[in-house]
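Morning, everyone. Please bring up the structure, and we will walk through a few parts of it.

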Amino acid sequence: MKHAVIDRETVQKIIDTADIVEVVSDFVHLQKRGANYVGLCPFHNERTPSFSVSRAKGICKCFSCGKGGSPVNFIMEHEQLGYWDALKYLARKYHIEVQERELTDSERAEQTARQGMMAVNDFAMSHFCHNLTDTADGREIGLAYFRERGINDWAIDRFKLGYSLEGRDDLYKAAKANGYADHYLVDTGLCIRSERGQIYDRFKGRVMYPVFTISGKVVAFGGRTLKSDKTIAKYVNSPESVIYSKKNELYGLYQAKGAIVKKDKCILVEGYMDVISMHQSGVENVVASSGTSLTPGQIRLIHRFTQNVTVIYDSDPAGIKASLRGIDMLLGEGLDIKVLLLPEGDDPDSFAQSHTSAEVEEYLQQHEVDFIKFKTDILLKDCASDPVKRANAIADIVRSIAVIPVEIKRQVYIKECSLSFGIDEQMIARQVTKDIAVLRERRAKETAREQAVRSITDGPGVAEVTARDAAQKGDAERQDVVVDVNVDDDVRVAEKETFGGDNPMAGLQSRSRATILEPQERALLRIVLKYGMLDLGEEFCEGEDDPRPVKVIDFVADDLAADDMGFTNQLYQQIFDRALMLRDNNWDADFATHYAAAEERRRQTFEHGIEELKAKASDLSEIKAGETLLAERVASGFEEDIRRFSMSYFERILTYDADDRVRKAVTDLVVERHQISRIFTKYNSVADADDRRLDELVPRALVALKYDAARCAFEELRQRISALQRQPDYDIDEILRLMATQKKWQQFCAELASRLGERVYEPLR
């Protein structure tokens with residue numbers, strides 16, 4: 001059986017066209033009330049209207065029964081249609097031609113397979129960890145290997161290192177005993193099915209390195225044999241699958257993202273042990289491409305957290321030359337690159353093992369060099385006496401300069417290159433210009449080729465991607481979402497409701513950390529959904545004259561990463577990740593399209609206004625005066641048009657999400673029960689609306705979340721100390737260590753409380 005899906009362009013056209021007031025009016029009599037419309041809810045019996053419809057937001061909501069949402073969600077609820085059929089209903093209403101293709105059975109199965117594959121990977125990781133520490137072979141072989149390599153328990157736990165027993169089907173039997181299906185074990189690559197249909201473990205007799213996504217999901221494994229048999233592959237890695245694409249993952253990024261943000265630098269190495277040893281030494285802003293060539297997807301992951309990258313090489317010249325292409329790719333993404341060459345005979349693993357954290361940091365600072373100097377030293381090392389080779393090497397370096405997207409940086413490197421090689425600066429600049437033209441032509445051809453392929457294959461669109469993403473994160477728990485009056489109220493109500501009563505920690509034992517933090521996370525996510533693509537401020541980057549705008553969602557993502565935090569509520573994390581994906585993959589194109597349309601509307605409005613002025617004005621001076629006022633009014637309208645688009649971007653798209661839970665949660669988060677009355681707006685300024693004071697609101701919400709997270713940590717330590725003290729012959733040193741940590745959390749809480757302003761911190765008794 002085949003299933004149809006609607007292409008991205010059609011879904012976007014439906015989102016842009018469907019008017020929530022018009023859609024609901026087909027079924028409900030609506031009356032204007034302030035900025036919104038109200039009517040009797042069509043989903044339950046009521047006498048007083050509680051069904052509110054907001055044209056500006058494109059959302060409806062019943063504040064009694066909770067039903068509503070975007071136009072597609074309303075139609076799904078009212079007409080009892082599926083997601084795709086509801087989209088087709090709206091397309092017919094607005095005479096939009098539906099472009100769709102058949103979704104194959106395999107594609108449909110892929111949407112439901114992700115959850116099962118994620119679950120079996122989680123089980124496998126736990127099984128390998130158990131083998132390492134709780135079986136004789138694991139301790140004598142796997143754990144002994146890590147000990148020999150200098151890896152301690154902290155690093156083993158941080159990276160969830162494990163061991164796969166030598167038995168042919170140890171993992172397979174364990175997984176089957178726990179109810180996991182054969183096809184998930186095979187599809188993830190954990191097991192292999194022979195031609196005879198027998199299933200056996202892929203990684204038997206190997207130490208195991210789980211590969212995590214940026215949000216901490218296990219999607220793959222690397223396994224290293226400990227045998228000296230040359231006929232056996234040293235490393236075996238999970239094959240690519242529905243949930244794993246090696247070009248879009250970086251080993252260690254999940255563990256390193258907080259340190260990367262704090263230090264504003266990412267250190268790039270090659271292998272698993274390089275990352276683990278560096279982290280263990282105290283240098284935690286380290287990731288690896290895991291033996292593969294660096295890819296654009298991996299570079300974009302890095303760029304989300306920092307502008308600065310240091311690439312570490314060992315002293316092997318052949319390996320260095322083979323890796324130089326990665327530097328050009330990093331430059332092409334606008335990153336600032338430094339390169340570090342380790343002493344002869346060392347790699348990052350051995351260097352970190354033989355030096356302290358301070359020594360490693362000091363060596364980095366003293367020996368990392370600019371990529372131009374590094375590349376010059378490498379390429380010109382063996383061709384000083386050969387003018388042809390020297391010219392080719394210089395041309396290669398100039399091509400690297402050409403890929404840099406920021407003009408001022410290119411000019412600096414052109415000047416430096418001229419001084420280094422004794423070549424006229426204008427000559428190098430002309431060659432850079434030629435190389436840029438070649439690059440642009442090549443990219444244009446690649447873009448045309450990709451568009452041609454998409455037009456032939458009619459590739460998956462936003463709706464499909466949304467459905468697949470929702471399926472991938474299908475393990476999110478169903479959560480009831482509470483809506484408050486406004487964002488500022490959200491923060492205050494969350495502060496009061498988080499723990500209840502006068503004792504903020506009362507009842508912690510009976511409630512999970514996720515439950516306690518939910519109100520603060522809800523408030524923060526609501527800000528992201530409502531204002532995520534508005535500019536919060538500006539960031540000055542080294543080498544650039546103009547500051548870069550910082551979006552609300554970028555500020556929140558970076559601030560959370562700096563403290564290695566995420567949303568404990570899995571559904572909230574799923575929504576936040578989906579918003580980040582829209583920002584990374586769709587925003588630029590969608591904004592450009594809207595901007596062009598807004599420009600056209602501005603032009604037409606101005607021209608129409610001029611015609612009216614000419615028809616009504618009595619003389620030329622009146623026309624000129626009117627033209628000045630018209631230009632100001634049109635410009636103001638254009639700016640407001642762009643601002644409204646940016647402000648509603650996430651909620652407008654995510655309220656159409658194919659995942660029911662995402663759609664409902666986003667609707668509940670962004671809808672408002674109350675509106676500012678017309679009496680208030682008549683006599684008061686609304687300049688202090690939430691979207692106009694984000695520089696106060698966003699940091700406040702982040703601090704409030706971190707405050708309660710810190711209080712949770714404090715109380716958890718108190719409970720551990722109390723439990724230890726109840727034991728006979730308790731370890732006094734361990735208690736003192738926990739109390740010292742507890743005091744740090746207490747001080748941290750006090751500092752955050754002072755930043756919250758209206759909250760007083762009192763130490764728990």
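How many bridges pair β12 and strand β13? Three, and the pairing is antiparallel. Strand β13 covers residues 235–237. Two strands pair here if DSSP finds at least two bridges between them. Strands (E, at least two residues) and helices (H or I, at least four) are DSSP runs, numbered from the N terminus.

A word on the source. This is a predicted model: local features need pLDDT of at least 70, side-chain atom pairs count only at pLDDT 80 or more, and totals for chains, interfaces and linings use all residues. Residues are numbered from 1 along each chain as its sequence is written, and side-chain values use heavy atoms, with hydrogens and water left out.

Back to β13. Its Val236 stands opposite Gly223. Now the other partner of β12. Strand β11, residues 206–212, runs antiparallel to β12, with seven bridges joining them. Arg206 has Thr225 in β12 as its bridge partner.

Is β12 mostly covered or uncovered? Mostly covered: eight of the eight residues in 218–225 are buried. Buried means under 20% relative accessible area, exposed over 50%, partly exposed in between, with a 1.4 Å probe and protein chains only.

Next, helix α25, residues 587–616. Its 30 residues should span 44 Å at 1.5 Å a residue, and its end C-alpha atoms are 42 Å apart, which agrees. That expected span is 1.5 Å times one less than the number of residues. Among its buried residues are Trp587, His594 and Ile610.

Last, Met739. This residue lies in helix α31, residues 732–756. Met739 counts as partly exposed because its relative accessibility is 40%.
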